[in-house]
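Please open the structure in your viewer and keep the sequence panel beside it.

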Amino acid sequence: MTLTTLALSVLFSSQLFAAWGNSWSESEYLPGRMLVRFDESIGDRIPTISAHVIVEIGLSELDLLFEEFEVTGVRRLVPDGILDKLIAVPDVYRSYVMEFRQDYPALDVVNRFHANKYVVNAEPDLLRRAYRAPNDPLWGSQWDKR
């Protein structure tokens with residue numbers, strides 16, 4: 001599975017997760033990370049790291065959340081280099097992986113962001129475990145087999 005296919009499947013599976021509600025409490029997820037898809041009402045704003053090392057986007061409601069939960073990392077779910085080569089759904093351009101201080105309960109942070117009018121979807125960064133090894137004969141020589 002290519003990185004693009006994986007990222008897009010995560011994005012579209014997130015829509016299914018949103019429909020399930022907060023069933024994340026039974027899921028395994030990474031602490032201090034969440035996936036956020038912003039509404040088109042943010043326009044062409046892109047979240048960036050401020051001089052105070054906190055993410056900001058130029059909308060006070062979101063900037064206050066970024067500050068409250070000490071969101072210090074942001075990157076697009078699908079990297080720009082890949083997006084520029086794809087015919088992609090516009091929502092992909094507003095989907096980000098965000099990192100916040102791990103002291104905050106991830107589900108509380110996700111719920112607060114999900115309640116914001118500029119956020120279409122927010123969810124924890126779920127872990128998916130592989131239960132079998134791939135049938136790739138060169139699997140053992142890969143540099144990253146996590």
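**The whole chain**

Begin with a surface view of the protein chain: its accessible surface comes to about 9,300 Å², of which 54% belongs to carbon and sulfur atoms. Accessible areas come from the Shrake-Rupley method with a 1.4 Å probe, and for residues only the protein chains shown count as cover. The model is predicted, so local features need pLDDT of at least 70 and side-chain atom pairs count only at pLDDT 80 or more, whereas totals for chains, interfaces and linings use all residues. Residues are numbered from 1 along each chain as its sequence is written, and side-chain values use heavy atoms, with hydrogens and water left out.

Of the 146 residues of the protein chain, 34% count as buried. Here buried means under 20% relative accessible area, exposed means over 50%, and partly exposed lies in between (1.4 Å probe, protein chains only).

Now switch to a cartoon view. The protein chain has four helices and six strands, and along the sequence they follow the pattern α-β-β-β-α-β-α-β-α-β. Helices (H or I, at least four residues) and strands (E, at least two) are DSSP runs, numbered from the N terminus. Contacts between residues 24 or more positions apart make up 67% of those in the protein chain with a separation of 6 or more; contact means heavy atoms within 4.5 Å.

**The sheet**

Next, select β4, β5, β1 and β6. They form an open sheet of four strands in the order β4-β5-β1-β6, with antiparallel pairing. β4 (73–76) and β6 (119–126) stand at the edges with a single partner strand each, so one side of each has no neighbour in the sheet. On average, neighbouring strands of this sheet are turned by 25° against each other, direction ignored. Two strands pair if DSSP finds at least two bridges between them.

How many bridges join β1 to β5? Five bridges link strand β1 (residues 29–38) to strand β5 (residues 95–99), and the two run antiparallel. Show R33, which stands opposite E99 in β5. β1 and β6 also pair in the antiparallel sense, over six bridges. Then centre the view on M34: its bridge partner in β5 is M98, while in β6 it stands opposite P124.

**Helix α4**

Axes are lines fitted to C-alpha atoms, for helices over the stretch in contact, and angles run from 0 to 180 degrees between N-to-C directions.

Which residues of α4 are buried? They are A106, V109, V110 and F113. These residues cover an arc of only 100° around the axis, which puts them on the same side of α4. The arc is that of the directions from the helix axis to the C-beta atoms. An α-helix has 3.6 residues a turn, so residues three or four places apart point the same way. The buried residues of α4 pack against β1, α2 and β6.

**Helix α2**

Select α2 (60–68). L62, D63, L65 and F66 are buried in this helix. Seen down the axis of α2, its buried residues fall within an arc of 160°, so they line one face of the helix. The face turned away from them carries the exposed residues S60, L64 and E67. The cover over the buried residues of α2 includes β1, β3, β5, α4 and β6.

**The nonpolar cores**

Show side chains for M34, F38, L62, F66, V71, M98 and F113: of the 23 residues in the largest nonpolar core, these touch the most other members. A nonpolar core is a set of buried Ala, Val, Leu, Ile, Met, Phe, Trp, Tyr and Cys residues joined through side-chain atoms within 4.5 Å. β1, α2, β5, α4 and β6 each supply at least two residues of this core, and α4 gives the most, with four residues.

Zoom in on F113. Not counting residues up to four places away in sequence, F113 touches M34, L65, F66, F69, V71, V119 and A122. Apart from this core lies another, of six residues, among them L77, V78, L83 and V92.

**Two loop residues**

Finish with two loops. V53 lies between β2 (48–49) and β3 (55–56); V53 has a positive phi of about 60° although it is not a glycine, and its relative accessible area of 48% makes it partly exposed. E70 lies in the loop between α2 and β4. Its phi is also positive, near 50°, and at 26% relative accessibility E70 counts as partly exposed.
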